[in-house]
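Me: I'd like to learn how to read the features of a protein model. Please take me through them one by one.

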Amino acid sequence: MQLYVDGELEAEATHDASLELLDLTGVLILGQEQDEFGGGFVLGEMFLGSLAQVNIWGRSLSAVEVSELGRCGSELYGDVFSFDLDEIQISKASLSSVNLTELCGDSDAKTVIHPVSLNFDEATKFCNKTGGVLHSPASCSAANTLYNRSLEFADFCQDSFWVGVTDAVQEGVWRTAASGALAITCFSLDPNGGDTENCVSLRLENGAWDDRSCEQPPRCFACEAINSAKIGPQRPLVLRGMCFKTPERRLFEVLGYKNNLPFFHGYYGLIIYATSDDWWELLDTHTNRSLARGYPPWDIGYPVGRMTWTTTIKFCNFRKNEEIELSLTVCDDSEIACSDGRCVAAAARCDGRYQCQDLSDEDGCTLIAFPSGYRRQIPPEPRITGSPQRINASFSFLRFLRIADTEYSFTAEFVLDTSWSDGRLSFHNLRNHSDDNKASAGEHERLWRPSVKFTNVLDGNVRVLEQRITVARTCQPTSHSFNQVAVGK
């Protein structure tokens, strides 16, 4: 057996299992695993994606034939079954036809037009936040295709669209904004704006390319899915805050349009789409029931990032009409999601420094989680029932200010450290060093702590210079849930 990827041999192996002839009197079902002849289908085992050129041959293909198929150099139909020639029945799927060269070329990337106006840099960052890159046509023919598609949104956009190429690095040398590679350009007239016009727009009136300022006016744009072979690994959108049983059920992609805006398609039956009143709705397509509605708090009006939603029915552990926070971002488990959808390293969470542009990495940085029945006047239970609560105490003298022999007294400054365990509490956002885990004033006031009395102080004159409570990390943190809204909390 041999495995080819993109026409190149990736692996090969042998086996001793006996081969049986296929019974060609049955039904071939593509995209669904079956556990028995003609049945045993499970919803979670269906294929989600795109299929093209599925063929079955009654012979072994040569390496040259496989290479030709891998680069879409020729059409080679299966003599047992051919997706292109045999009659097939479509069930819960859509069918479209494209030219053979488009299957292997850059133009097969999913390209989605966004009818919102941003400057060039903002459009580039927005595409990154949705798991794509600002679209740069791979040919002038592809640029013409983009132009024809953009005409559908002429009522919602300015007079032109951004094209994802720029000469900001070197004047006159046009490169793609996504990878920095030399770009295909389709200027009707030579660019004439010099270093004040380092970006490109596509005119809606005739499809012509112009060099323009990267700032003004803001324009609509198109994002394309990342081609991992040329730009980098694809970063799918992930919906967090729900109660998904497996991580892959959180995955979403930008796919199609509803109410003149792209919608977000979940791989397992959920979609997020814009309603006619500019709200966004989370819909379960299996039951055709709305789960929640939300209104983005930022100007661009998309639900990308961390956002408050209102539930419309009871689901997961949520009540109806409950406000919940969900995040839709491309952040992975080593990152945290900023409110605006940007991603920063998980170590940035509550480290005392702002690293999210919207400052949200320092939001909600509480250390101590108090249960609902917690009372500060009630001491914690000892670890062993019936035994006293253990309080550790230590003194560190800093200096002696006065020693009075005749009065048998002295005046000193010292540090009193007390430590104890309180099993009622849970903790979040702990750093490795205790000095970084200082409780807030509010937490200080709510927390039970041992009282200390000095019974033989001269004249009762005790002056407290400073009080602080820190939380010590004594074990490894528990793993966060993959459904957690801001990974890294």
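Me: Why is the disulfide of Cys 127 and Cys 223 left-handed?
Reply: A disulfide is a covalent bond between the sulfur atoms of two cysteines. Here the torsion about the S-S bond of Cys 127 and Cys 223 is about -80 degrees, so the disulfide is left-handed. The S to S distance for Cys 127 and Cys 223 is 1.9 Å. The cut-off for calling a disulfide is a pair of cysteine sulfur atoms within 2.5 Å.

Me: What should I know about the source before going on?
Reply: This is a predicted model, where local features need pLDDT of at least 70, side-chain atom pairs count only at pLDDT 80 or more, and totals for chains, interfaces and linings use all residues. Residues are numbered from 1 along each chain as its sequence is written, and side-chain values use heavy atoms, with hydrogens and water left out.

Me: How many disulfides does a search of the whole structure find?
Reply: The search finds eight.

Me: Where do Cys 127 and Cys 223 lie in the chain?
Reply: Helices (H or I, at least four residues) and strands (E, at least two) are DSSP runs, numbered from the N terminus. Cys 127 is in helix 3 (residues 120-129), and Cys 223 is in strand 11 (residues 219-225). The two are 96 residues apart, so this pair links distant parts of the chain.

Me: Is Cys 127 buried or exposed?
Reply: Buried means under 20% relative accessible area, exposed means over 50%, and partly exposed is in between (1.4 Å probe, protein chains only). Cys 127 has 0% relative accessibility, so it counts as buried. Cys 223 is buried too, at 5%.

Me: Which cysteine is joined to Cys 157?
Reply: Cys 220, with an S to S distance of 2.0 Å. The link of Cys 157 and Cys 220 is left-handed, with -100 degrees about the S-S bond. Cys 157 sits in the loop between helix 4 (140-150) and strand 7 (160-166). Cys 220 is in strand 11, and the pair is 63 residues apart. Both cysteines are buried.

Me: What joins Cys 243 to Cys 316?
Reply: A disulfide, S to S 2.0 Å. The link of Cys 243 and Cys 316 is left-handed, at -80 degrees. Cys 243 is in the loop between strand 12 (237-240) and strand 13 (251-258). Cys 316 is in the loop between strand 18 (305-311) and strand 19 (323-329), 73 residues apart from Cys 243. Cys 243 is partly exposed at 42%. Cys 316 is partly exposed at 28%.

Me: Which strands run in the closed barrel?
Reply: Two strands pair if DSSP finds at least two bridges between them. The closed barrel has eight strands, 12-13-14-15-16-17-18-19, with antiparallel pairing. Strand 12 and strand 13 are joined by two bridges. Leu 237 stands opposite Phe 252 in strand 13.

Me: Which residues touch the most other members of the largest nonpolar core?
Reply: A nonpolar core is a set of buried Ala, Val, Leu, Ile, Met, Phe, Trp, Tyr and Cys residues joined through side-chain atoms within 4.5 Å. The largest here has 39 residues. Phe 221, Leu 239, Met 242, Phe 264, Ile 272, Leu 282 and Trp 309 touch the most other members. Helix 3 gives the largest share, four residues. Another core, of 19 residues, lies apart from it and has Val 163, Val 165, Leu 204 and Ala 222 among them.

Me: What is Met 242 in contact with?
Reply: Contact means heavy atoms within 4.5 Å. Leaving aside neighbours within four places in sequence, the partners of Met 242 include Leu 270, Leu 282, Phe 315 and Cys 316.

Me: How many aromatic pairs are there?
Reply: A pair of aromatic rings is described by the distance of the centres and the angle of the planes. Rings of Phe, Tyr and Trp (its six-membered ring) pair if their centres lie within 6.5 Å; planes under 30 degrees apart count as stacked, over 60 as edge-to-face and the rest as tilted. The count comes to 19. Phe 120 and Trp 162 form an edge-to-face pair, 5.5 Å centre to centre and 85 degrees between the planes. Phe 120 is in helix 3 and Trp 162 in strand 7, 42 residues apart. Both are buried.

Me: Why is the pair of Phe 397 and Phe 414 tilted?
Reply: The planes of Phe 397 and Phe 414 are at 55 degrees, with centres 5.6 Å apart, so the pair is tilted. Phe 397 is partly exposed at 46%, and Phe 414 is partly exposed at 32%.
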